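Hi,

Here is the structure I promised to pass on. Have a look at it first, and my notes follow below.

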Amino acid sequence: MTECESACRAVLMMVYSPCKYIASLARSILYEILKPDGKDYIEYLLKILNAVLTGAKFGLPGNLQIVVSLMSLACYCSLPTYQELIIKFQGMKIVVAFIMWWLSNPVHLKRERTVPHLRDSFGERSCCYPSTEEWEGEDMLLLFSLWILAELLHHSAYNKKANSSDNQEDFPRSQLIQELQEICRDHNSHGSRWYAAYVLSYFGIFGFPSKLGKRIGKLLGERDHSDMKLDFVNEESVYVHEVILTVRCPSLLPPGESVPKQKSSGVKSDMERNIVKAVHLSAHVDQPSLLKLLEYVYSGYLHASKDLVKKLKLFARHCKLESLMQVLCRKNPKWGVDVPSFDLSPALGPAGHNLSNLILEAGSSAQLVHWNCNSCSALVPHLHVHKVILLSSCDYLRALFQSGMQESNLQTIKVPVSWESLNKLVRWFYSDRLPVPIFDCVWANLEPEEKFRQVHAYLELCWLAEFWLIDDLYEECYEVVISCIDSSQNLSTKIIQIAANFSQWKLAQVAANHMAPSYHQLRISGELDQLDDNLVEMVRAASVRLSQQGGHHSS
């Protein structure tokens, strides 16, 4: 079976090769090979998938058989004749059901673990070297099932002979769309996210949904905190934000600085925010197409009918939005190409400094001896940020900026965390990615003080995220602290006290549970003396529970 996997993969790469000559030749050969028994093969492969859906138990060999079956079906989908057969045998319905099954019961497989002959002592990743994320990752079953679905939808969309009862109407359309969007937003492999986006294009959704894009998308058209409006010839307007256009699509900005400015009425805010640039658009600009393009710029994806897609292609080509152009043209994803990320971090650089309307200062920056800002002469370590980006992810800051009170007009906010924590916080606001430590041999060999310094930043952010009502950030920081505790047992004694100081009682309890096996040893050595009495009692209670459950205590 392992040889079958390698052979199927080789055929798959050839029939979907970007080189038209290779793909055409490989498909021609495959078609001739399948002529005698192709129909029987398809029925057999679909029965294997049906066996999974009916609850048949399978272990590692079964997983490999499913992988081979999915890759084989993907190969057959490169041939129109067999696409029709798969659809005729309810293949599309079976594949959608398989995708839904996987999402409910994810089976994570890495190729080298599934195919034994690929494993060798030299090929294994050493912890000292950074690993590069594989395009298929651990989502092999999901990736290849999405691949099949994409090809079948492509065939149904362009082949008039496809029977409507055999196409996509045979499965829960709205539920599938919702799940595909979640695949794009979640931390799945690049391959799965690419093919989820590719499948979505056949439902009129073009682009790459993301968590940050979902938050930023709500800002489009909001008058509050906008600094630019686009005026159409029919006297309608749409309010936008120059910093977002600068990062996401600078081609939409007017050239130079010759843009008239006018005061915005009805917004009680500081003078700088009251200035709104008015851009008068030509009568040649198609309003529906531009609004859809702005939808993509703000959220990372758009909904469009067939009539609009052709016009959107012209806009995407003019604005050099290659990733949008690819999904609008429904081009097959290229193996190994990363999914375009929704990242506003360039706004923290020179391109966004002149558009900044807020400064964030760290509550503590003692570790910074020499400080220099390229944008201003302030001597206190700080970051130039944009209110509109911060309030999109933080309800606390949104309420503060829109309160109308004196605090809403502040140009500088002192955040009560360290400089390191502030940098992580701002990076998360702008990219939805939290810089996290890699728990490898480098981490294992760090001095305890350095480990604690790093985990302290995430404890700070847990407290701040809870105070500022940023649930997503809290969950990410919480998981990092848990990982730090799991990887370094000796940190628990320090973490439990700091967690308590920040009122992070869930984390304090986790640390207490890790200390429970060594409770007697810690008490005798005096290490518990530095803790508050209520924390010592928390550790003692965890130790008692461990004893009652028959757990092991360190002597």
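Strand β2 (residues 228-231) runs parallel to strand β5 (residues 275-280), and four bridges join the two. Strands here are DSSP runs of E with at least two residues, and helices are runs of H or I with at least four, numbered from the N terminus; two strands pair if DSSP finds at least two bridges between them.

β2 and β3 make a hairpin with five residues between them, and Glu235 in the turn has a positive phi of about 70°. Asp231 stands opposite Ser237 in β3. Met228 and Leu230 point one way from β2, Lys229 and Asp231 the other way, and all are buried (under 20% relative accessible area, 1.4 Å probe, protein chains only).

This is a predicted model, with local features needing pLDDT of at least 70, side-chain atom pairs counted only at pLDDT 80 or more, and totals for chains, interfaces and linings using all residues. Residues are numbered from 1 along each chain as its sequence is written, and side-chain values use heavy atoms, without hydrogens and water.

Helix α15 (residues 306-318) is also worth a look: the helix bends by about 25° at Leu312, taken as the angle between axes fitted to the seven residues ending there and the seven starting there. Leu312 is also one of the buried residues of α15, along with Leu308, Val309, Phe315 and Ala316. After the helix comes Lys320, with a positive phi near 60°.

Best wishes

How values were computed
Buried means under 20% relative accessible area, exposed over 50%, partly exposed in between (1.4 Å probe, protein chains only).
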